[in-house]
Structure formats: C-alpha cells, structure tokens
Amino acid sequence: QVGEHIVTNNQAGFSLKVVRDKIRILMVSGTPSMNYRFLRNALKNDPSLDLLSFVIMRTPTDILNVPTQEQSLIPFPAETIFTKELPTFDLVIFDNFDYSLYLRPPYLESIRKFVREGGGFAMIGGPNLFNEGVNALSPIGDILPFRFAEKAFYRRDAPFSVRLTQAGARHPILQFADDFRKEGAERRPLWQEMPPLDGINVVDAKKSATVLLENAGGIPWPILTVSEHGKGR
C-alpha cells in the first residue's frame, strides 16, 4: 500500500504438489450405506484420485409402474464401462455388489484381463455379495484371493471380533501413520479396540493369498485377504 515502510511481509513462500496423472477409480456399491458414504467422501477428498462411483438403487427385477421417461434413476451403464472404459481405470471396487444381476460373462472376462494386465480390484463383502461358490471357475472367482466356504456364505449369528495376523502386522496397507514409530505388540491396541463386525462372508483363503485380518473368536475365518493375479492385485 502507499506509504508502507516494510514490504517484505507482502509475500509468502509455500510448496505446491503438482499431480500429473491422477489415479482413476471405479466404485460400484450394491446398496446405499454408511460404508458407501465413507468411501466416497474419503476418495473424493484426495486430489490425487479421480473417482467414478455408482450406487445401485434398484435391481432389474424390481417392478416399476412408471414410464421409463419419468424415472429419475439412470440404468447402470455396464456395457459402456466394461467394454470401452475399463482400461482407463487403475482400480475397480465392488462394494457389497451382486454383479451377477448386471454383468454378462464378457464383462467379467474384461475385469479378469484388466487385473491380469496390471489393474487393481477390491471386493468389499456383505449380504448382497454374489456367492462365487456357485461357480468358482468364473472370471471373478479366478482373480479373488478366497473361496466361499459354506452354502450360507453370509453369517450374522454372532458378533465377530477382528485381529491382525502376523502378516497383517507387517503389511503396509494396515499401518496407521503413528504405527511407523512403534514396534511389534505396540501396534496392536487400535485393532483390539475395533468394534466387532455384525456379519461376515464365510470364506477360505487360497494358497496364493495372504490373510491380513481374521476372526478372533472360534474359527479364524479370513476377514481381509490380498493376493496378486498376473501383474495386478
């Protein structure tokens, strides 16, 4: 301003991180939920990520007594995404999603190819998850790190406490920021304080997979499992 005696306080230095290529994520949730809300907010708030998300509000078997032109919900664009757009993504997330209602075999084969060539695929369980035990040789069943263990593949008969496995205690995706300054058993209290799950998908891990979290009471059913498939994870 006119008459200023000190001009050095008219400027400030700061660092700016420039993201050249964002990580593109496709997320499909089988139902509106707090899980979907949390994931969407978390991913949207990261400037290095580009998220395209869908939440299923109705299924193809729902009876609607409303003309198509008067419906506010758009159909899930499965054909466009899984025949044309899939290679443009880095990660695909299915969240409690019964994909058997929407994805034809060629689409599932596209997902397997996507992962084999370096893409990431994450499946979050729940009661709507399609039971791959019916057809474990499908393209999705091939890339998953587990197999369904029982016909009743989703159980809510008791609370399920969660604990870290030895592999999980060392795995980077389960480390909190403060954990890097801790050793061994000191890393475990936060996981021990985690509230029990009200339901789990009953699965067995494949030999090629690594179990990071497991059920803490009774049979140690896998809760979080990871593996590689081709060049992808």
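The following paragraphs lead through a predicted protein model, from its overall make-up to individual residues.

Because the model is predicted, local features need pLDDT of at least 70 and side-chain atom pairs count only at pLDDT 80 or more, whereas totals for chains, interfaces and linings use all residues. Residues are numbered from 1 along each chain as its sequence is written, and side-chain values use heavy atoms, with hydrogens and water left out.

The protein chain holds six helices and 11 strands; helices (H or I, at least four residues) and strands (E, at least two) are DSSP runs, numbered from the N terminus. Of its 233 residues, 34% count as buried. Buried means under 20% relative accessible area, exposed means over 50%, and partly exposed lies in between, with a 1.4 Å probe and protein chains only. Among the contacts in the protein chain with a separation of 6 or more, 70% are accounted for by residues 24 or more positions apart; contact here means heavy atoms within 4.5 Å.

Two packed helices are described by the angle between their axes and the distance between the axes. The axes of helix H2 (residues 78-85) and H3 come within 9 Å and cross at roughly 40°. Such axes are lines fitted to C-alpha atoms, for helices over the stretch in contact, and angles run from 0 to 180 degrees between N-to-C directions. H2 and H3 are therefore oblique to each other; angles under 35 degrees count as roughly parallel, over 145 as roughly antiparallel, 65 to 115 as roughly perpendicular and the rest as oblique. H2 passes H3 in a left-handed crossing, the term for a near helix turned anticlockwise from the far one by less than a right angle, right-handed being the clockwise case. On the H2 side, Ala78, Glu79, Phe82 and Thr83 meet Tyr107, Ser110 and Ile111 of H3. The residues of this contact divide into four nonpolar, two polar and one charged. In this division, Ala, Val, Leu, Ile, Met, Phe, Trp, Tyr, Cys and Pro count as nonpolar, Asp, Glu, Lys and Arg as charged, and the others, Gly among them, as polar.

Helix H3 (residues 105-116) also contains Arg112. Arg112 is buried, because its relative accessible area is 17%. Its side chain joins that of Asp142 through a polar contact of 3.2 Å. A polar contact is a pair of N or O atoms within 3.5 Å; within protein, one must be able to donate a hydrogen and the other to accept it, and residues adjacent in sequence count only if both atoms are side-chain atoms. Not counting residues up to four places away in sequence, Arg112 touches Pro139, Asp142, Ile143 and His229.

The loops on either side of H3 come next. Asn96 lies in the loop between strand E3 (91-95) and H3, and its relative accessibility of 10% is why Asn96 counts as buried. The phi of Asn96 is near 50°, a positive value in a residue other than glycine. Most residues other than glycine have a negative phi. Gly118 is found in the loop between H3 and strand E4 (120-124) and, at 41% relative accessibility, counts as partly exposed. Leaving aside neighbours within four places in sequence, Gly118 is in contact with Lys231 and Gly232. The C-alpha atoms of Gly118 and Asp90 are 8.2 Å apart in space, although the two residues are 28 residues apart in sequence.

Gln175 counts as buried because its relative accessibility is 15%. The side chain of Gln175 reaches two backbone oxygens, that of Ala169 at 3.0 Å and that of His171 at 2.8 Å.

Pro196 is placed in the loop between helix H6 (189-192) and strand E8 (200-201), where Pro196 counts as partly exposed at 47% relative accessibility. Pro196 and Phe160 are 36 residues apart in sequence but 5.0 Å apart in space, C-alpha to C-alpha.

Finally, Glu214 lies in strand E10 (residues 210-215) and is buried, with a relative accessible area of 17%. A polar contact of 2.9 Å links the side chains of Glu214 and Arg163. Not counting residues up to four places away in sequence, the residues that Glu214 touches include Ser161, Arg163, Trp221 and Ile223.
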